[in-house]
Amino acid sequence: TAEGFHLRLLEHVRKTVKPGDASNMIATIDNYCYTVESGMNVGDVKGKILDDIVLETNPTTVLELGTFCGYSALRIARNLPENSRFFTVEFNPEHAAVAKEIIHTAGMDDKIQMLIGPSQEMIPQFKGMGVSHFDLVFVDHEKDLYKPDVILLEKEGLLKKGSVIVADNVVYPGSPDYIDYVRNNPKFKSTNYMSELEYHKDVVDAIEKSIYIG
Ligand SMILES: Nc1ncnc2c1ncn2CCCCCNC(=O)c1cc(-c2ccc(F)cc2)cc(O)c1O
Ligand SMILES: [Mg+2]
């Protein structure tokens, strides 16, 4: 069952990866998900869309909501400039423990700061951690929290003109209230990138990019 996916993935990673190589870790996770069992990582197809948006944005302060096993954290960190700050928030301690080891093995400890807790409690703490705003936010956690968390980010003053919100799964599993909110809000300029559900060519999914114009 998907239940123990993170533990089985970690066992596979321990046996197969080349330490200190983020790209090899990403490829190893994708290969496992294509050949053994699929996990809820953003994957290689949507991951390429995420990579392009990160490279185009060239963000110095980044937030990810929903670390899971650390796959997208590695994809994002791999494309960040030297002096950037990247925070990833994970709610589930078991997933966070696996992500910590995967990030460490990939040699990306100094690029990624993982926080464990519910997003609604973590977001209000960033100002106190010296974060003025986020240049890019990758939203990939509880689908019902996309809308309230983006509203909370704005309320906390953590979005600035030009801040980019990248949301996974806006088709499947879907986040209809978020899509409705962000597309009908004059403060955001949104673009939809149609794609496929990770590791499932036959299932439609999409990434939504929303630029905060304030
Ligand atoms: N910081 C925080 N705050 C609150 N909750 C938090 C959190 N951090 C984590 N969580 C708790 C949610 C973690 C899981 C979120 N992701 C998903 O639920 C997800 C599911 C699928 C999926 C695929 C095939 C299927 F058949 C069905 C579903 C695909 C995806 O790409 C997904 O991202
Ligand atoms: Mg996702």
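Which residues have the most contacts inside the largest nonpolar core? In this predicted model, they are Ile-29, Leu-74 and Ile-102, and the core itself has 41 residues. Helices α1 (5-16), α2 (22-35), α3 (43-57), α4 (71-78) and α5, together with strands β4 and β5, each supply at least two residues of this core. The greatest contribution, six residues, is that of α2. In soluble globular proteins, nonpolar side chains tend to be buried together.

When residues up to four places away in sequence are not counted, Leu-74 touches Met-25, Ile-26, Ile-102, Ile-103, Ala-106, Met-108 and Ile-112.

Helix α5 (residues 93-105) may be considered next. This helix has 13 residues, and the distance from its first C-alpha to its last is 18 Å, close to the 18 Å expected at 1.5 Å a residue. Its buried residues are His-95, Ala-96, Val-98, Ala-99, Ile-102 and Ile-103. These residues cover an arc of only 165 degrees around the axis, and they therefore lie on the same side of α5. The elements against which the buried residues of α5 pack are α1, α2, α4, β2 (85-90) and β3 (113-116).

One of the buried residues of α5 is His-95. Its relative accessible area is 13%, and His-95 counts as buried because this value is under the 20% cut-off. Leaving aside neighbours within four places in sequence, His-95 is in contact with His-6, Met-40, Phe-68 and Glu-90.

The description now turns to the strands. Strand β4 (residues 134-139) has six residues, and six of the six are buried, so this strand is largely enclosed by the rest of the structure. Strand β1 (residues 61-65) pairs with β4 in the parallel sense, over four bridges. Within this pairing, Glu-64 has Phe-138 of β4 as its bridge partner. Strand β4 is also joined to strand β5 (residues 159-167), by five bridges, and these two strands run parallel. Here Val-139 stands opposite Ala-167 in β5. Between β4 and β5 the chain passes through helix α7 (residues 146-155), forming a β-α-β crossover that is right-handed.

Technical notes
Residues numbered from 1 in each chain as written. Chains lettered and ligands numbered in written order. Predicted model: local features only at pLDDT ≥ 70, side-chain atom pairs only at ≥ 80, totals over all residues. Heavy atoms only, no water. Buried < 20%, exposed > 50% of the residue type's maximum accessible area, 1.4 Å probe, protein only. Pairing = 2+ DSSP bridges. Right-handed = clockwise from strand over helix to strand, strands pointing away. Contact = heavy atoms within 4.5 Å. Core = buried A, V, L, I, M, F, W, Y, C linked by side-chain atoms within 4.5 Å. Expected span 1.5 Å × (residues − 1). Arc of directions from axis to C-beta.
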